Amino acid sequence: MGMRGFLQRTVPFERPGVTIGVTFVLALGADLTSKVLAIAYDVDGRVVVYNDRPGVFAFRVFMSLVALAVTYGLTRGARRLAIGRLWGAWIGVGLLAGGVMGNGISSLVWSRGVPDFIHTPAYVWNLADFEISFGVTGGILSVVVAAVSAYVRERRLPPPVHGLD
């Protein structure tokens with residue numbers, strides 16, 4: 001058994017489902033925990049801003065499933081074209097789904113709305129908003145980098161030599 005066979009049997013993150021699942025659970029847990037802590041430590045009520053936009057939970061679940069389906073299709077296509085593993089897309093969809101579901105669950109848990117507590121000059125955000133942004137950006141960049149790498153790798157191969165048998 002070579003090193004590659006050993007790694008494939010012992011590293012569970014070689015499987016897209018495991019990578020997506022672990023990333024999703026970590027992102028969702030980090031988001032909800034950060035919101036609970038922000039609310040608990042906001043004693044004067046000036047840090048947490050509640051975003052009272054309606055939380056359409058079913059729509060959030062649907063969009064997360066669409067993102068998973070797109071990533072599944074991209075993974076199958078990458079495997080068929082021998083592009084390689086799309087780690088960034090797997091992690092990105094886990095972050096995206098975790099952030100989307102975190103905001104969806106928050107809209108159900110807190111009656112005043114989704115708590116936002118990360119203040120920037122223009123907006124107030126929460127961790128889920130960053131997870132969604134990084135998930136989309138990272139997933140797209142991962143696919144682009146994998147495709148460009150495969151293109152460059154294919155172009156660097158020497159041309160086949162025929163008739164020298």
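Asp44 counts as partly exposed because its relative accessibility is 47%; the class lies between buried, under 20% relative accessible area, and exposed, over 50%, with a 1.4 Å probe and protein chains only. Its salt-bridge partner is Arg46, which is exposed, with a relative accessible area of 67%. A salt bridge here is a side-chain nitrogen of Lys or Arg within 4 Å of a carboxyl oxygen of Asp or Glu.

A word on the model: it is predicted, so local features need pLDDT of at least 70 and side-chain atom pairs count only at pLDDT 80 or more, while totals for chains, interfaces and linings use all residues. Residues are numbered from 1 along each chain as its sequence is written, and side-chain values use heavy atoms, with hydrogens and water left out.

Searching the whole structure gives 2 salt bridges, set side by side here.

| Salt bridge | Closest N to O distance |
|---|---|
| Asp44 and Arg46 | 3.0 Å |

Asp31 and Lys35 are both buried. The two residues sit 4 residues apart in helix H2 (residues 16–41), about one turn of the helix.

Now for the overall fold. The protein chain has 5 helices and 4 strands, taken as DSSP runs (H or I, at least four residues, for helices; E, at least two, for strands) numbered from the N terminus. Along the sequence they follow the pattern α-α-β-α-α-β-β-β-α. Of the 165 residues, 30% count as buried. Among contacts with a separation of 6 or more, 77% join residues 24 or more positions apart; a contact means heavy atoms within 4.5 Å.

Which residues make up the largest nonpolar core? There are 10 in all: Ile20, Ala67, Ala78, Leu86, Ala89, Trp90, Val93, Leu96, Val100 and Ala146. H3 and helix H4 (87–109) each supply at least two residues of this core, and H4 gives the largest share, 5 residues. Such a core is a set of buried Ala, Val, Leu, Ile, Met, Phe, Trp, Tyr and Cys residues joined through side-chain atoms within 4.5 Å. Leaving aside residues up to four places away in sequence, Val93 touches Ile20, Ala67, Leu68 and Thr71.

Helix H3 also holds Ser64, which is buried because its relative accessibility is 8%. With the sequence neighbours up to four places away not counted, Ser64 touches Ala97, Val100 and Met101.

What about Met63? This residue lies in helix H3 (residues 57–80) and is partly exposed at 36% relative accessibility. Met63 belongs to a nonpolar surface patch of about 600 Å², together with Val56, Phe59, Phe62, Val66, Val70 and Leu74. Patches are made of residues with over 30% relative accessible area and no salt bridge; like charges are joined within 9 Å, and nonpolar side chains (Val, Leu, Ile, Met, Phe, Trp, Tyr) within 5 Å. The protein chain as a whole exposes about 10,700 Å², of which carbon and sulfur atoms supply 69%. Accessible areas come from the Shrake-Rupley method with a 1.4 Å probe, and for residues only the protein chains shown count as cover.

Finally, the rings: the whole structure contains 3 aromatic pairs. One of them joins Tyr123 and Trp125 edge-to-face, at 6.1 Å centre to centre and 85° between the planes. Rings of Phe, Tyr and Trp (its six-membered ring) pair if their centres lie within 6.5 Å; planes under 30 degrees apart count as stacked, over 60 as edge-to-face and the rest as tilted. Tyr123 is exposed at 56% relative accessibility, whereas Trp125 is partly exposed at 25%. Ring pairs link Tyr123 and Trp125 with Phe130 and Phe134 into a cluster.
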